[in-house]
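Open your viewer and get the selection tool ready. We will walk from one stop to the next, with a few words on what to look for at each.

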Amino acid sequence: VQIYSPWNLHEEIPGHFDFENGMLNLTDFFQAVKEADMFAMYRPGPYICAEWDLGGFPSWLLRDPNMRLRSNYKPYLDAVEKYFDKLMAVIKKFEFTTNRGPIIALQIENEFGGYGNTITNHNDTEYFKALEKMVTKNGFKELLYTSDPWATKQGTLPNFLETINLNGNALNLLKWVKELQPNRPLYVAEYWSGWFDNWGQKHHTMAVQNYTNVFEDIVFHMNSSVNIYMFIGGTNFGFMSGSWVTTSYDYDAPLSESGNYTDKYWKTKELIEKFTKERNLPKLRIPEPPKAEAAAHYGVVKVTDYLSFSDLLSHVKSYKSEYPMYTELLDIGPNYGQNFGFTVYRTTIPKSKNLR
């Protein structure tokens, strides 16, 4: 199982870390993975994904007018290091090599080779060395890897396994990766089973036959490991969505956003069983799948009261400024501003005889 970790939730306020409450409880999650007799490939960032608000970066980083995210800018690296130090202390007990925990690999950054270095225009080798040092100085001994939509840079990063993300052209892309690292295993870190939806667009789907063809190219023809992204569709609650993504992250995945089976789920099960049989591998221990849940109907909801927009604003904290100000720069607390949500800007235009 692969899991992201959103820095902007684990350290929403500078210096205040939360790895215990609700969905931020990494200990409970990795303990559950271990009890399920599964392995985990952990993806802590610091940048995790364009579909998450600010890629997972805490917005207070932007209070520095010179901030350069995903770069060798020292204040940025210092903030990452403080976060990684706290994070690694939590997950260390779940390493496989030293503690027989479920974590067998850790991904550094995300899709940097495809996008990051074209945006930040800096020496990506030195950046990755800095991130590697932050992880290994804490005693982490598992595999380190990168994940990109195309192979671009890994000849300069000998300590990382290069993996690739795709939803087509698998044979050519995996052959390319094999040329770059001929003595290393192949791994598709993200095989996109569908795609996310943007506001105002039609729902993205991927036909089951296309999904099957690419899966067979990855696993049967190239003997590559694969992670299906997404295998279970999800939901982006509140203001967590980035990149104009809707709150639904169903992704046309094998298991839907509501957790129910799709045709892709049964096809994936069939393909894995076929591969296991063809390679004479030990038969997988597959528990009986739970019954599908029927959608609930809650009837008609009658609205009896409401708050007007002006009523809502009377409960919102206000600030005065001569000029419009970014939400991150509002002085809500020590060195942090408004991290999520909306800001209403209002001004009064004076009367003038020159206005027509």
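A salt bridge here is a side-chain nitrogen of Lys or Arg within 4 Å of a carboxyl oxygen of Asp or Glu. The model is predicted, so to speak of local features pLDDT must be at least 70, side-chain atom pairs count only at pLDDT 80 or more, and totals for chains, interfaces and linings use all residues. Residues are numbered from 1 along each chain as its sequence is written, and side-chain values use heavy atoms, with hydrogens and water left out.

**Stop 1: salt bridges**

Searching the whole structure gives 11 salt bridges. Please select Asp85 and Lys137, whose side chains form one of them, at 3.4 Å from N to O. Asp85 sits in helix 3 and Lys137 in the loop between helix 6 and strand 4 (143-148), 52 residues apart; helices (H or I, at least four residues) and strands (E, at least two) are DSSP runs, numbered from the N terminus.

Now move to Lys264 and Asp252, which meet at 2.8 Å, N to O. Lys264 belongs to helix 9 (residues 263-278) and Asp252 to the loop between strand 9 (248-249) and helix 9, so this pair ties together parts 12 residues apart in sequence. Are these two buried or exposed? Lys264 is buried at 3% relative accessibility, and Asp252 is buried at 17%. Buried means under 20% relative accessible area, exposed over 50%, and partly exposed in between (1.4 Å probe, protein chains only).

Stay on helix 9 and pick Lys269 with Glu273, four residues apart, about one turn of the helix. Their closest N and O atoms are 2.8 Å apart. Lys269 is partly exposed at 28%, as is Glu273 at 38%.

**Stop 2: the nonpolar cores**

A nonpolar core is a set of buried Ala, Val, Leu, Ile, Met, Phe, Trp, Tyr and Cys residues joined through side-chain atoms within 4.5 Å. In the largest, which has 40 residues, select Leu26, Phe30, Tyr42, Tyr76, Ile91 and Leu106, the members that touch the most others. Helix 3 (74-91) is among the elements that supply at least two residues, and helix 3 gives the most, 10 residues.
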